[in-house]
Amino acid sequence: MEIFQTEFMQRALIAAVLVGITAPAIGIYLVQRRQALMGDGIGHIAMTGVGLGFLLNSSPVWMATLVSIVGAVTMELIRAYGKTRGDIALAMLFYGGMAGGVLLINLSDTGSNANLSSYLFGSLSTVSDSDVTAICLLAAFVVLVTIGLRKQLFAVSQDEEFARVTGLPVRALNLLIAVTAAVTVTVAMRVVGLLLVSALMVVPVAAAQQITRSFKVTFVLSVVIGTAVTLSGTVTSYYQDVPPGATIVLMAIGVFVVLTALATPLARRRARAVAAADATCTADAGKDVGKDVPGARRPADEVTV
């Protein structure tokens with residue numbers, strides 16, 4: 001096929017597969033923690049790293065990774081220790097990251113607004129060999145953390161107090177989730193873009209939750225959905241000449257809508273079946289009352305006064 005004969009599309013497809021795997025893999029923990037928009041905040045902060053990379057003539061991906069990790073750790077510390085002013089501090093961090101990225105990239109000799117746009121919304125033609133190498137290394141880290149420590153991360157995401165009682169290092173695991181989310185943002189920014197990466201972390205997970213009941217099945221299905229939409233969106237972007245990030249996110253939302261439509265009647269049918277089973281059990285329990293109780297008399301044995 002023509003799409004596999006061009007080198008930049010080979011690189012883009014590899015990056016798309018890795019993004020489709022890593023974004024939902026960490027996104028499921030963020031959804032469990034009710035931090036679905038954390039990826040969006042990290043994306044704003046990563047813009048400063050991209051601008052700094054152009055200013056210092058270094059790799060924007062690695063520089064964005066470093067800045068994103070610092071920003072994610074700061075966000076987690078604000079969440080853990082921040083009081084009433086925590087939301088204001090986070091807002092300043094997000095907006096400062098975006099403003100810093102725009103300023104730094106315009107101060108550099110090699111950067112421009114066109115370069116920044118490719119990081120904001122994704123660009124297939126600009127994925128280089130060095131980008132693929134960085135994405136592969138960072139994706140391996142995300143996969144190792146999200147799968148190797150899935151039990152511990154799930155426990156912390158569900159109930160921090162219970163996890164602390166069981167002896168888990170809650171603070172360290174929370175910081176690890178934040179760092180892994182930051183790494184995932186930089187993995188995905190070349191394909192989906194910094195402004196849309198949060199959607200790929202959340203939407204496949206939300207779609208999988210419509211038809212699954214266990215964490216393990218939700219994890220696997222969300223990764224399958226993420227990989228499917230990133231590959232489909234990348235191929236569509238190549239043939240239709242449309243932005244890859246927007247195409248991928250819209251496809252993910254489309255999958256969510258379809259699965260929600262399929263799950264609604266199934267949920268209603270399941271609820272009716274459960275209600276009928278409960279009614280049957282209640283009726284049977286009523287018939288059996290007094291049967292095996294010593295000294296209990298049936299209505300026919302009662303003495304009429």
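This is a predicted model: local features need pLDDT of at least 70, side-chain atom pairs count only at pLDDT 80 or more; totals for chains, interfaces and linings use all residues.
The largest nonpolar core has 69 residues, and of these Ile42 and Met201 touch the most other members. A nonpolar core here is a set of buried Ala, Val, Leu, Ile, Met, Phe, Trp, Tyr and Cys residues joined through side-chain atoms within 4.5 Å. Buried means under 20% relative accessible area, exposed means over 50%, and partly exposed lies in between, with a 1.4 Å probe and protein chains only. Helix H9, residues 170–188, gives the most to this core, with 11 residues. Helices are DSSP runs of H or I of at least four residues, numbered from the N terminus.

Residues are numbered from 1 along each chain as its sequence is written, and side-chain values use heavy atoms, with hydrogens and water left out.

Let me return to Ile42. Leaving aside neighbours within four places in sequence, Ile42 is in contact (heavy atoms within 4.5 Å) with Ser68, Ala72, Met75, Ala178, Ala181, Ala182 and Val185. A second, separate core consists of 5 residues, among them Ile3, Met9, Ala12 and Leu124.

Next, Thr65, which is found in helix H3, residues 60–81. Is Thr65 buried or exposed? Thr65 counts as buried because its relative accessibility is 5%. A polar atom of the Thr65 side chain lies 2.8 Å from the backbone oxygen of Val61. Not counting residues up to four places away in sequence, Thr65 touches Leu138, Val183 and Thr186.

I turn now to a pair of helices. The axes of H6 (residues 129–148) and H7 (residues 150–158) come within 5 Å and cross at roughly 70 degrees. Axes are lines fitted to C-alpha atoms over the stretch in contact, and angles run from 0 to 180 degrees between N-to-C directions. H6 is therefore roughly perpendicular to H7, a class that covers 65 to 115 degrees. Val145, Thr146, Ile147 and Gly148 of H6 meet Arg150, Gln152 and Leu153 of H7. The residues of this contact divide into 3 nonpolar, 3 polar and 1 charged.

Finally, two loop residues. Arg34, in the loop between H1 (7–32) and H2 (38–55), has a positive phi of about 60 degrees although it is not a glycine. At 77% relative accessibility, Arg34 counts as exposed. Asp241, in the loop between H11 (215–240) and H12 (244–288), likewise has a positive phi, near 55 degrees. Asp241 counts as exposed at 71% relative accessibility.

How values were computed
Angles under 35 degrees count as roughly parallel, over 145 as roughly antiparallel, 65 to 115 as roughly perpendicular and the rest as oblique. Ala, Val, Leu, Ile, Met, Phe, Trp, Tyr, Cys and Pro count as nonpolar, Asp, Glu, Lys and Arg as charged, and the others, Gly among them, as polar. A polar contact is a pair of N or O atoms within 3.5 Å; within protein, one must be able to donate a hydrogen and the other to accept it, and residues adjacent in sequence count only if both atoms are side-chain atoms.
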